[in-house]
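Please look over the structure first, then read the points by topic.

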Amino acid sequence: MAETNPTDTIETALANLRDSFLPRFRAADTEQALRDENAKILGKKGELTAILKQLGRAPAESRKAIGEKVNAFKQEVEAGFGSCLKNLQRLEREAELSAPPFDLTLPGRAPVLAGHKHPVAMVREDVVAIFRQLGFAVFDGPEIEHEENNFTRLGFPPDHPATDMQDSFWTTSGKLLRTHTSNIQIRAMTTIEPPMAFIAPGTVYRRDDDATHSPQFHQIEAFLVDRNVTLAHLKGVLAEFAERLYGPGTPVRLRPSYFPFVEPGAEVDIGCVFCKQANQTRAGCNICKHTGWIEILGCGLIHPVVFENCGIDPEQWSGFALGMGLERIAMLRYGIPNIKLLFENDPRMLAQF
Ligand code: DAH
């Protein structure tokens, strides 16, 4: 058998490849398939590369001519690949453009960090709503307050520890960040004629900072002035308030206590909402410290001196006042152990409400 001429072998292989490469490119229907096909021809282990390797066996005088042919063919393949690629990309773009603008079958994306009402805001809204239903109007007032309204007219003696540098944030002399919402009692009684019934929600400030105290916190004050107001009226409002906030049958008790602006003064406990064991001999859980009762506010009958300090005749008028901390009520309602959790605004915490 005559030995095959290497030049002929190369020529035949080239001719075969020339006939087949374009149909092969055109048959590829994705960009990846086209690139794979291209690699099969031009890649390191590709068919044209294999042909080139045989060039060394061709006679020296024909090598140059074959080499040129191979190079020209290589450019043909590259051009073919280029135009097929463009074509595929155009088709893809056209398909994209003529498809519906969105895929209605895709599941919706859940909002990752939705906004939430803050627990203190929720409690405030509930408390305000209850007192409004009971006929109280809402009174607003400044957070930077005269010493007069925050302390003096409320009957705080000048040396009272609350007026101390330790407990209040003083701004300029005679003014401070109000330490409670009781200032609103004075502002109301010096501007409005009795009878009156108000609540005053607001931000208050004290130099206090631990697990259950924060230098800035929130209170709601409620007060009512009319003729012949007695402790019975106060107790009736408290019982109604407790039932509406904590549910029917919530027990309420008053313990005598002292505040300069009320006489008598009292602290109000409700039956522990967690263990519900008020009035039982072996009461309690950790939250009520095994007493069965939880303190929620301070209250009393408005002191005659406070009326006089506001130009109201205590012989004609009487009233009650109460004040509560909203953080405390929110912590009790939601079992939040540390007041700082209410102010850090960690979305993981807020998302639980
Ligand atoms: N102002 C008091 C406080 O911040 C709370 C308070 C107690 C308000 C008795 C009242 C009241 O109106 O009668 O601790």
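Domain bounds here come from an automatic or database domain assignment. On that basis the chain has domain 1 (6-98) and domain 2 (119-350). The centres of domain 1 and domain 2, taken over C-alpha atoms, are 88 Å apart. The model is predicted.

**Ligand site**

- The ligand is surrounded by 15 residues. The closest are H180, S182, R206, Q219 and E221.
- By class, the shell around the ligand holds six nonpolar, seven polar and two charged residues.

**Polar contacts and burial**

- In S182, an N or O atom of the side chain is 3.0 Å from a nitrogen atom of the ligand.
- In Q219, a polar side-chain atom lies 2.9 Å from an oxygen atom of the ligand.
- In E221, a polar side-chain atom lies 2.7 Å from an oxygen atom of the ligand.
- The ligand taken alone exposes 350 Å². The protein buries 89% of that area.

**Cis peptide bonds**

- P194 and P195 are joined by a cis peptide bond, with omega about 5°. P195 sits in the loop between helix 7 (183-189) and strand 4 (196-205).
- E263 and P264 are also joined by a cis peptide bond, with omega about -5°. P264 belongs to strand 7 (residues 262-271).

**Backbone angle to check**

- Which residue other than glycine has a positive phi near 60°? N228 does.
- N228 is found in the loop between strand 5 and helix 8 (231-246).

**Points to carry forward**

- For the ligand, start from the side chains of S182, Q219 and E221, each with a polar atom placed against a ligand atom at the distance given above.
- For the backbone, keep in view the cis bonds at P194 and P195 and at E263 and P264, plus the positive phi of N228.

How values were computed. Residues are numbered from 1 along each chain as its sequence is written. This is a predicted model: local features need pLDDT of at least 70, side-chain atom pairs count only at pLDDT 80 or more; totals for chains, interfaces and linings use all residues. Side-chain values use heavy atoms; hydrogens and water are left out. A residue is near a molecule or strand if one of its heavy atoms lies within 4 Å of it. A polar contact is a pair of N or O atoms within 3.5 Å; within protein, one must be able to donate a hydrogen and the other to accept it, and residues adjacent in sequence count only if both atoms are side-chain atoms. Accessible areas come from the Shrake-Rupley method with a 1.4 Å probe; for residues, only the protein chains shown count as cover. Ala, Val, Leu, Ile, Met, Phe, Trp, Tyr, Cys and Pro count as nonpolar, Asp, Glu, Lys and Arg as charged, and the others, Gly among them, as polar. Helices (H or I, at least four residues) and strands (E, at least two) are DSSP runs, numbered from the N terminus.
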